[in-house]
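Take a look at the model below. We will go through a helix packing and then some charged pairs.

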Amino acid sequence: MARTGEVHRKHRKELTPVFTKSHIQELVPVFDSVARKLRDALHLLVQANPREVDMLPWATRVALELVGKAGLGYSFDKFTDDKPDEYALAVKNLPTQLFQNTVARTLAPLFPLAVRRFLACTIPSRSLRELVYLVRVMDESSKKLLSSRKTTLLHQPTEQMRLEKDLMTVLLRNNMRGKPENVLPDSHLLGHINALIFGAVDTTSSALSRLLHVLAQNPAMQDRIREEHRLSREQNTTEELEFKTLTNFTYTDAFIREVLRLHAPVPALLRCAIKDTVLPLENAIIGRDGHKTYQVHVPAGTTVFASILMPNTSAQIWGVSDSILRESSNVMPCFVKDDFLGWELCMSGVCIANPQLISDQLV
């Protein structure tokens, strides 16, 4: 993510097969097994006496386990106790500490690594000390994970190794059979581990928490989703969830998409232009001289703030509330007054309004 040129091309070539649609479909049983572990753990908590359960820590734990099993082939959490994994806590608390130490982050690149470590350990700042501790936990855990996966693959039969679909196994397998010049060093592998976990765990846990929050506020939605899943279980002959089964969950799919649209885990992105470019505008900008501008020149080195939340909630794109969104029309109600249900995602991740898409499926 922070590389350009030939290095970026090489990393992208290695990682692209892991994020294809067909590969993600093969991981559905893995996601299903983690969900069942969470269900059993929560059942143990409440089977003796009904109690209130804070789902935010559990969302973080299950997100880390999902990323660990599907992305790294490693289990971080057995869900056998009520205490989150140390690594899960480090991942969850890292963004907060990063924002609290903006000055240190700005000045850090100006000093050699040894000087940075010395200053981080001597400056009397509680938040900086906490940041150093979290980074150390993540570094030690990622090294332990990498060592464990290497040991497992070295003693694993070739045929069984080919069945492993997680990101780390793919990278290690390519290292074992690739040319020396194409072998990724351990420092790059550790970078992939931390980048994947840091980028995926917090966003996944935030999305899960928001989905549960919206469901808690809308019991009628809970009933419809439960009924949809009950009917699916009756039609299924196998206990394990498969990808083809997910295509029957039209209302659940619409619910998840709509919540993610309105409450995107990442509301904005920052990107830096590596070369001069021109951004075309959908709507012209009228300058001070009265002339219309249909494009913006972006010089190299410019940081661009790209909002995800604004187009996702724009009434100009999605329309305004309509009777088609009310419960009486058998379609999911909107969550805010100026939203219009109905959308689809293109491969580039850009939202495209399609008002009839969901309504045609659910009415």
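How exposed is R230? The model is a predicted one, and in it R230 is partly exposed, because its relative accessible area is 32%, between the cut-offs of 20% and 50%. Keep R230 in mind.

Start with helix α4, residues 55–72. It packs against helix α5, residues 86–100. The angle between them is about 105 degrees, and their axes are 10 Å apart. That angle makes α4 roughly perpendicular to α5, because 65 to 115 degrees counts as roughly perpendicular. Which residues meet here? From α4 come L56, T60 and L64. From α5 come Y87, A88 and K92. The residues of this contact divide into four nonpolar, one polar and one charged.

Now turn to charge. Side chains of opposite charge can pair when their charged atoms come close. How many salt bridges does a search of the whole structure find? The search finds 10. Three of these pairs are worth a visit.

Begin with E65 and K37. They form a salt bridge, and their closest N and O atoms are 3.1 Å apart. E65 sits in helix α4, while K37 sits in helix α3, residues 28–46. The pair links distant parts of the chain, 28 residues apart. Is E65 buried or exposed? E65 counts as buried, because its relative accessibility is 0% and the cut-off is under 20%.

The side chain of R61 meets that of D77 in a salt bridge, 2.7 Å from N to O. D77 counts as buried, at 9% relative accessibility. R61 counts as buried too, at 2%.

Back to R230. What does its side chain meet? R230 forms a salt bridge with E234, at 2.4 Å from N to O. Both residues lie in helix α12, residues 219–235. They are four residues apart, about one turn of the helix. E234 is exposed, because its relative accessible area is 56%, over the 50% cut-off. This pair belongs to a network of salt bridges that links E227, R230 and E234.

Notes: Residues numbered from 1 in each chain as written. Predicted model: local features only at pLDDT ≥ 70, side-chain atom pairs only at ≥ 80, totals over all residues. Heavy atoms only, no water. Axes fitted to C-alpha atoms, helices over the stretch in contact; angles between N-to-C directions. Helix = DSSP H or I, 4+ residues; strand = E, 2+ residues; numbered from the N terminus. Parallel < 35°, antiparallel > 145°, perpendicular 65-115°, else oblique. Contact = heavy atoms within 4.5 Å. Nonpolar A, V, L, I, M, F, W, Y, C, P; charged D, E, K, R; others polar. Salt bridge = Lys/Arg side-chain N within 4 Å of Asp/Glu carboxyl O. Buried < 20%, exposed > 50% of the residue type's maximum accessible area, 1.4 Å probe, protein only.
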